[in-house]
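Reader: Hey, I've got a protein model open and I'm a bit lost. Could you walk me through it?

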Amino acid sequence: PETLTLKRLLEEYREHQKWANRYQFGTKNFEFESTLPPSINDDYSAMMETYYAAFAKFWKIKPPKGWTNLRVCFYRGIDEFHRTAGVGGGVQAYYKFAPDRELNFFYDRRDPAGTRATMFHEANHYLMDMVDEAFQYPHWIGEGMAEYYSASVWDPDKKKMVMGAVQPGRLVEVRADIAAGKQL
């Protein structure tokens with residue numbers, strides 16, 4: 001009986017690997033579309049909700065009147081992301097800030113921490129829009145904020161987010177600059 005259940009789950013997942021048959025589900029603040037298994041969808045949607053709540057609480061923001069839940073398109077891999085989202089080879093993710101806002105990114109099974117950081121980075125652009133929808137932040141401020149918040153640490157057991165960590169890749173850059181004698 002358990003083998004049949006596992007077989008049925010695998011068949012169901014295979015059906016949902018095509019974007020036309022993607023999973024579609026909503027959370028409190030997001031509308032997800034995904035070609036990933038339900039367990040990964042559950043983990044990442046919980047992270048997004050916790051990230052959203054932590055950011056909104058700190059910045060004392062809420063969605064402006066008329067905004068709907070953000071559409072989040074979560075792809076099974078980079079090839080599907082490039083093919084389906086219609087983006088070029090160097091793009092890793094994006095946030096579309098037009099009135100029909102959406103976030104697009106892919107799952108890298110070899111680097112789930114990188115997937116989280118990318119998701120948090122792009123989600124931060126959306127959250128910054130909520131601070132003041134009309135204000136156009138200089139690019140360096142928007143990217144700096146997104147990088148800072150993308151280093152947030154997720155505790156899946158406590159369902160908590162800790163903001164303000166240092167991204168390992170950025171730390172390596174700083175150490176290399178120090179070793180090279182560059183002034184910081």
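Predicted model: local features only at pLDDT ≥ 70, side-chain atom pairs only at ≥ 80, totals over all residues.

Reader: Is S34 buried or exposed?

Author: S34 is buried, because its relative accessible area is 0%. The cut-offs are under 20% relative accessible area for buried, over 50% for exposed and partly exposed in between, using a 1.4 Å probe and protein chains only.

Reader: What is S34 in contact with?

Author: Leaving aside neighbours within four places in sequence, S34 is in contact with H16, W19, R22, Y23, N41 and F74. Contact means heavy atoms within 4.5 Å. A polar atom of the S34 side chain also lies 3.0 Å from the backbone nitrogen of L36.

Reader: What about the rest of β2?

Author: Four of the five residues of β2 are buried, so the strand is largely enclosed by the rest of the structure. The E33 side chain makes a polar contact with the side chain of R71, at 2.8 Å. Beyond four places in sequence, the contacts of E33 include W19, R22 and V72.

Reader: Which strands does β2 pair with?

Author: β2 pairs with β1 (residues 23-26) in the antiparallel sense over four bridges, and with β3 in the parallel sense over five bridges. Two strands pair if DSSP finds at least two bridges between them. A hairpin through three residues joins β1 to β2, and G26 stands opposite E31. On the β3 side, the bridge partner of S34 is F74. S34 and C73 are 39 residues apart in sequence, but their C-alpha atoms are 5.9 Å apart in space.

Reader: New topic: what do the buried residues of α3 pack against?

Author: They pack against β3 (70-75), β4 (93-96) and β5 (102-106). The buried residues of α3, a helix that runs over residues 78-85, are E80, F81, H82 and A85. Just after α3, G86 takes a positive phi of about 70 degrees.

Reader: Which residue other than glycine has a positive phi near 55 degrees?

Author: K159 does, in the loop between β6 (153-155) and β7 (160-162). Another is K60, with a positive phi of about 55 degrees although it is not a glycine. K60 lies in the loop between α2 (38-59) and β3. For background, most residues other than glycine have a negative phi.

Reader: Are those two lysines buried or exposed?

Author: K60 counts as exposed because its relative accessibility is 73%, whereas K159 is partly exposed, with a relative accessible area of 48%.

Reader: And H125, what does it touch?

Author: Not counting residues up to four places away in sequence, H125 touches Y95, G142, E143 and A146. H125 lies in helix α4, residues 112-131, and counts as buried because its relative accessibility is 16%.

Reader: Last one: how much of the protein do buried residues make up?

Author: Buried residues make up 39% of the 184 residues. The C-alpha trace spans about 65 × 45 × 40 Å along its principal axes. Among contacts with a separation of 6 or more, 57% come from residues 24 or more positions apart.

Methods
Residues numbered from 1 in each chain as written. Heavy atoms only, no water. Helix = DSSP H or I, 4+ residues; strand = E, 2+ residues; numbered from the N terminus. Polar contact = N/O pair within 3.5 Å; in protein donor to acceptor, adjacent residues only side chain to side chain.
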